[in-house]
Amino acid sequence: MSGDRKKVLFIDRDGVIVKEQQVDSYEKIEYIPHVFEALREISRKTDYLLVMVSNQDGVGSREFTYEGFSGPAERIFSTLRGEGIVFDDVNIDLSLPEDNLSTRKPGTAMIDRYRSSVYDMSLSFVVGDRLTDMELAKAMGCRGFLLDSSLSVPAELEETVALHTISWLDIAAYLTGDGTLPHRTASVERTTNETAISISMDLDGTGEGKLETGIGFFDHMFAQVIRHSRFDIDGKCVGDLFIDEHHSAEDTALVLGEVVRKALGDKRGIERYGYEIVMMDDAVATVALDFSGRPELMWDVEFTMEYIGSFPSELIRHFFRSFSSSALCNISVSATKGGNSHHTAEAIFKAFARALRKAVRRIPGDTRVVSTKGVL
């Protein structure tokens with residue numbers, strides 16, 4: 001019965017367990033982020049056998065001696081064992097590409113023995129950072145996890161690639177059935193002669209936190225952004241308010257845009273576009289967003305008051321222009337004319353927050369970039 005057959009997780013080494021390079025010294029061992037955490041969870045919560053399948057080009061040559069390979073290789077495995085991660089089998093091809101050996105990936109000769117009634121290849125996976133790893137998966141009748149953000153998956157491999165991600169945590173969530181993707185977080189600190197700003201953000205939060213700038217009206221607007229975006233944001237700006245509010249407003253927008261951009265990463269699997277209309281008494285504001293990778297602000301707003309409290313209303317436009325340039329997104333903002341300036345501004349910030357929330361929303365099960373170019 002298929003339920004009694006074993007499942008295998010075939011795992012590449014360089015670019016998957018350790019950083020992609022010729023690891024011929026202990027100093028070159030650099031582990032991929034979250035690999036220990038993810039493989040511990042997979043080992044603890046699933047019955048997958050862990051099998052290493054790796055090409056190590058030209059081991060035994062003057063450029064890559066056996067001694068240079070074996071010591072660091074054993075260190076990698078001993079570190080994994082120390083973290084509770086044990087490989088059931090290790091398969092390493094030492095040939096060069098020009099040797100054209102069938103043991104070299106995407107050739108299957110090293111692991112053909114897994115094509116038997118003991119193992120269920122239809123429920124097994126290959127984890128790799130190259131398209132040749134996905135070709136190996138296809139040849140073995142498996143599916144694959146492509147751990148790389150820069151590669152485009154060709155049409156003939158689309159059905160093979162179960163997940164295209166930059167994080168081991170995504171792979172662990174997929175295999176363990178957790179269903180919980182890691183939160184997208186980032187922090188930025190920026191200090192100039194005019195301002196000192198630090199902002200931390202969790203795009204997958206619940207709308208908690210505070211962003212303090214020392215400008216009462218501005219802080220009130222940020223409270224709306226946090227609540228309506230459902231981002232968790234903690235931050236502070238200490239600026240030269242003895243001059244005016246300009247530097248604090250501009251620099252806070254720049255840092256806020258940068259932290260959003262960092263938290264989004266390569267933008268795989270997000271909606272990309274957000275749109276919202278918000279009414280507040282006599283004011284109606286509309287905001288549209290596109291995380292296109294290009295800055296642009298379209299502004300159709302007129303305030304009836306030069307100041308809202310002590311805050312210059314002209315700085316609201318400047319805030320959104322600065323955010324757009326730092327977050328690398330297009331923003332369109334419009335509002336009804338002649339309304340109360342406080343209501344107009346608050347409606348704009350609320351609409352902005354809710355548009356943000358829609359634009360960064362993850363599409364369940366989709367790890368593609370929402371662009372025919374393949375990048376944003």
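Let's start with lysine 105, which counts as buried because its relative accessibility is 7%, under the 20% cut-off. Keep in mind that this is a predicted model.

**Lysine 105 and its partners**

- The side chain of lysine 105 meets that of aspartate 133 in a salt bridge, with 2.7 Å from N to O.
- This pair links distant parts of the chain: aspartate 133 sits in helix 3 (residues 131–140), while lysine 105 is in the loop between strand 3 and strand 4, and the two are 28 residues apart.
- Is aspartate 133 buried or exposed? Aspartate 133 counts as buried, because its relative accessibility is 2%.
- Proline 106 is found in the loop between strand 3 (89–93) and strand 4 (125–128).

**Other salt bridges**

- How many salt bridges does the structure hold? The count comes to 23.
- One of them brings together the side chains of aspartate 204 and arginine 362, at 3.8 Å from N to O.
- Here again distant parts of the chain are linked: aspartate 204 belongs to the loop between strand 8 and strand 9 (209–212), arginine 362 to the segment after helix 8 (341–359), and 158 residues separate them.
- Aspartate 204 counts as partly exposed, with 22% relative accessibility, and arginine 362 counts as partly exposed at 24%.
- Glutamate 276 and lysine 358 form another salt bridge through their side chains, at 3.3 Å from N to O.
- Glutamate 276 lies in strand 11 and lysine 358 in helix 8, so this pair ties together parts that are 82 residues apart in sequence.
- At 12% relative accessibility, glutamate 276 is buried, whereas lysine 358 is partly exposed at 37%.

- Aspartate 202 is placed in strand 8 (residues 195–202).
- The side chain of aspartate 202 does have a polar atom 2.8 Å from the backbone nitrogen of aspartate 204.
- Leaving aside residues up to four places away in sequence, aspartate 202 touches His183, Arg184, Thr185, Phe231 and Asp232.

**Aromatic rings**

- The structure holds 20 aromatic pairs.
- One of them is the tilted pair of phenylalanine 218 and phenylalanine 222, with 4.6 Å from centre to centre and 55 degrees between the planes.
- Both of these residues, phenylalanine 218 and phenylalanine 222, lie in helix 5 (residues 216–229), 4 residues apart, which is about one turn of the helix.
- Phenylalanine 218 counts as buried because its relative accessibility is 0%, and phenylalanine 222 counts as buried at 3%.
- Phenylalanine 218 also pairs with phenylalanine 319, this time edge-to-face, at 5.6 Å from centre to centre and 90 degrees between the planes.
- That pair links distant parts of the chain, with phenylalanine 218 in helix 5 and phenylalanine 319 in helix 7 (residues 314–327), 101 residues apart.
- Like phenylalanine 218, phenylalanine 319 is buried.
- These phenylalanines belong to one aromatic cluster, whose members include Phe218, Phe222, Trp299, Phe319 and Phe352.
- Elsewhere, a charged residue meets a ring: lysine 7 lies over the face of tyrosine 48, at 4.4 Å from the ring centre.

**Positive phi angles**

- Arginine 230 is not a glycine, although its phi is positive, at about 65 degrees.
- Arginine 230 is placed in the loop between helix 5 and strand 10 (232–239), and is partly exposed with a relative accessible area of 35%.
- Lysine 267 is a residue other than glycine with a positive phi, near 70 degrees.
- Where does lysine 267 lie? Lysine 267 is in the loop between helix 6 (246–264) and strand 11 (273–280).
- With a relative accessible area of 4%, lysine 267 is buried.

Key
Residues are numbered from 1 along each chain as its sequence is written. This is a predicted model: local features need pLDDT of at least 70, side-chain atom pairs count only at pLDDT 80 or more; totals for chains, interfaces and linings use all residues. Side-chain values use heavy atoms; hydrogens and water are left out. A polar contact is a pair of N or O atoms within 3.5 Å; within protein, one must be able to donate a hydrogen and the other to accept it, and residues adjacent in sequence count only if both atoms are side-chain atoms. Contact means heavy atoms within 4.5 Å. Rings of Phe, Tyr and Trp (its six-membered ring) pair if their centres lie within 6.5 Å; planes under 30 degrees apart count as stacked, over 60 as edge-to-face and the rest as tilted. Buried means under 20% relative accessible area, exposed over 50%, partly exposed in between (1.4 Å probe, protein chains only). A charge sits over a ring if NZ of Lys or CZ of Arg is within 6 Å of the ring centre and within 35 degrees of the ring normal. A salt bridge is a side-chain nitrogen of Lys or Arg within 4 Å of a carboxyl oxygen of Asp or Glu.
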